[in-house]
Amino acid sequence: MTDSKYFTTTKKGEIFELKAELNSDKKEKKKEAVKKVIASMTVGKDVSALFPDVVNCMQTDNLELKKLVYLYLMNYAKSQPDMAIMAVNTFVKDCEDPNPLIRALAVRTMGCIRVDKITEYLCEPLRKCLKDEDPYVRKTAAVCVAKLHDINAQLVEDQGFLDTLKDLISDSNPMVVANAVAALSEIAESHPSSNLLDLNPQSINKLLTALNECTEWGQIFILDCLANYMPKDDREAQSICERVTPRLSHANSAVVLSAVKVLMKFMEMLSKDLDYYGTLLKKLAPPLVTLLSAEPELQYVALRNINLIVQKRPEILKHEMKVFFVKYNDPIYVKLEKLDIMIRLASQANIAQVLAELKEYATEVDVDFVRKAVRAIGRCAIKVEQSAERCVSTLLDLIQTKVNYVVQEAIVVIKDIFRKYPNKYESVIATLCENLDSLDEPEARAAMIWIVGEYAERIDNADELLESFLEGFHDESTQDSDNPDLRDRGYIYWRLLSTDPVAAKEVVLAEKPLISEETDLIEPTLLDELICYIGTLASVYHKPPSAFVEGSRGVVHKSLPPRTGSSESAESPDAAPPGVQAGEQPAVIPAQGDLLGDLLNLDLGPPVSGPPIATSAVQMGAVDLLGGGLDSLIGGGGFTPVPSTTMPTNLGAPLGSGLGDLFDLTGGVGALPGSYVAPKAVWLPAMKAKGLEISGTFARQVGSISMELVLTNKALQVMSDFAIQFNRNSFGLAPAAPLQVHAPLAPNQSVEISLPLNTVGSVMKMDPLNNLQVAVKNNIDVFYFSTLYPLHILFVEDGKMERQMFLATWKDIPNENEAQFQIKDCSLNADAISSKLQGSNIFTIAKRNVEGQDMLYQSLKLTNGIWVLAELRIQPSNPSFTLSLKCRAPEVSQYIYQAYETILKN
């Protein structure tokens, strides 16, 4: 008889009967009773009252009974911690049982009982099991360490289990190796700063040996671990790729995707000139194609991953277009994904095939799919210029079908085709105008209005056509709109038209830039990160884990290794900038919007202080705190028109990071008392932060930057446990110490705090450049605000350049990098200006008088090593000055000018 009988009884007084059966002398009766208890537990009945009776059944040699008792124990130990201690002796005994299955069962159950009181008793049995002679016990114990670490991390570290786990990577049994890797990876994930998986060529070799012999899930753990390794050169990368390639033919799709991830990552390090590179590309295509013959859900996951792979390396699947053609019985989510990949692979060679398919799709019955197919035809026209004419005629054929939603989608994409190829296909406008009455979707109406407005001269009755759109204008008008962006645009156009129609025409009908081929490509830095997450949820969502994983675990941002090798360096966009060795290429900075989760997932613990800064002069180019930031600033930390002997002593060193300045006061210019400090402003109003008001300003004194804060409690409850963290920003500003609020903040009380800052934090180009996003936590909640910092807090004390150097550099910086600004309403003379600016580390190098005008030539240096040269033209009788700025990173000029205005006018 099957076990279903245990789930059918619902007698009264059952608990009492079970109690009697559990204490029976007959083994069979005991086993039956425990099965009934487990069945009741499974369907949600509370059988915790039987805890002592079930635990007594542990003393048995019967493996099946022992498993059932352990199952009960795992479920109820948390609610009955005092009773659970009774089971400890049995655990300890079972860990020494001659049967390895019982030893493993005991250690597995120990890891699942999350009760602090018991944890310390489990250390000794676990230590023995980690060194057990049976590999089955060792592999189970390895996973138990990870579970124990989750319950009590400190205990695991104190007991030395992590070192034992590292030793298991060298175990002779492949399954033990795989579980040790899995456990260490899990622990490392929750503690990103700990260097647990310290991989080296020897340990990698052991992992690759174990890879061939362990189970499929063991292989996945090992492959994921390999993906986090950084080979020392292209030869090692190739060797690893050769040993991982056989995994591509595995039956389990998760193993295939993990192998693809490792190969995609290490291919970055291989030169495209290598024969092996071409071979690898050919080997990657068949397994990816095979994944598409699985069931639809697996196909979808494979397609989302292939979408990323095709964006990174379209050459892998360029000959496999046919497998992405849609089948009639594909679910809609698979169809839409295939369509996306077809466009990405479309090229001159296969465009005819693709267009024939797309035209077929546009006659399907599924509305969403048809819309996407019509858009796809437009995207093909924009991507493959030679096919544009054929695409336009296909779209016109579709418009003739008069199917409403097809016509509307076609008009939307034809607008984009006009933007890509102006003055080429305007002959179709008449056909579009015929379908004006059928347009009822906002996007199609907007596209048609744009077309009529853009080509009004060529359309005889343009005014009549536009009138038809005015009927519903009051319902759609900008004044009543809830969208502030739309309302502001409406106001701008209204003001333009009401003040100067000619200027309005110049603005609206100005020459527009051509639209790019692929508008929906993932931003390159994000794409590189997602390639490192192939085969995980991140690759399905197309978002980094930090955007959707909640909790305090620090999410480590992964990136592809820098490209090394052959002639690549000459033309490859990935090549390191001149002056930076290929191996130490600065990381590219993601655009601001790509990691929205950053600030929302901050681990608001004390900030990690930066590395101590060397006191000696640092070689040029060796330190670039922007980490390759602000795109054009890569390698722009310094410049070398003149031999470095004439440079200031420590050019390129990240002064202004606080410590560096204090230790290096000998370098060059004497330190000044401090630069201009703006009055405090309210950054976070109390109504937005549950009663916490934060006001502040920024200051720089003797080389140290600080954030001067006032925290005010306007709530009715006490506030405590304050912490602060910054999002990544353009100059790497970060707190150099925790936010120290020494006593709880009572209602209506304020506290002033000076928070020291450094510039060794993570870097990301912000818009505007001086934008700083801040998160502040207290016992009530976490609050977010952003503020703009004045750039002069980043002007360092050794920013005075030698005269010869200034001349040579001014000539060396191209003229298009020069920006001119007017500083109005300032009545200071040249000497007063010079002295005032010097207080904020803007140094006057020379002063000349030309035709009654005073000319000041000045230099300043930012914390990341960017130099800015200035010429200030002052006419004695005129309160307006002309400021000319030259810099290798012209995007900072606007903010330098704002700093000049702020300092001179206050």
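Q: How many residues does helix α20 have, and how far does it reach?
A: Helix α20 covers residues 332–345, which makes 14 residues, and reaches 20 Å from its first C-alpha to its last. That is close to the 20 Å expected at 1.5 Å a residue; the expected span is 1.5 Å times one less than the number of residues. Helices are DSSP runs of H or I with at least four residues, numbered from the N terminus.

Q: What am I looking at, and how is it numbered?
A: This is a predicted model, where local features need pLDDT of at least 70, side-chain atom pairs count only at pLDDT 80 or more, and totals for chains, interfaces and linings use all residues. Residues are numbered from 1 along each chain as its sequence is written, and side-chain values use heavy atoms, with hydrogens and water left out.

Q: Is α20 mostly covered or mostly open?
A: Mostly covered: 11 of its 14 residues are buried. Buried means under 20% relative accessible area, exposed over 50%, and partly exposed in between, with a 1.4 Å probe and protein chains only.

Q: Which residue does R344 form a salt bridge with?
A: With D340, the closest N and O atoms being 3.6 Å apart. A salt bridge is a side-chain nitrogen of Lys or Arg within 4 Å of a carboxyl oxygen of Asp or Glu. Both residues sit in α20, 4 residues apart, about one turn of the helix.

Q: How many salt bridges does the structure hold?
A: There are 34. One of them pairs D94 with K66, the closest N and O atoms being 2.9 Å apart. It links distant parts of the chain, with D94 in helix α6 (residues 88–94) and K66 in helix α4 (residues 63–76), 28 residues apart. Both D94 and K66 are buried.

Q: And what does R375 in α22 pair with?
A: R375 forms a salt bridge with E409, the closest N and O atoms being 2.5 Å apart. E409 lies in helix α24 (residues 404–420), 34 residues from R375. R375 is partly exposed at 28% relative accessible area, whereas E409 is buried at 6%.

Q: Which residues are in that network?
A: Salt bridges with shared partners join R371, R375, E409, E441 and E443 into one network.

Methods:
Helices (H or I, at least four residues) and strands (E, at least two) are DSSP runs, numbered from the N terminus.
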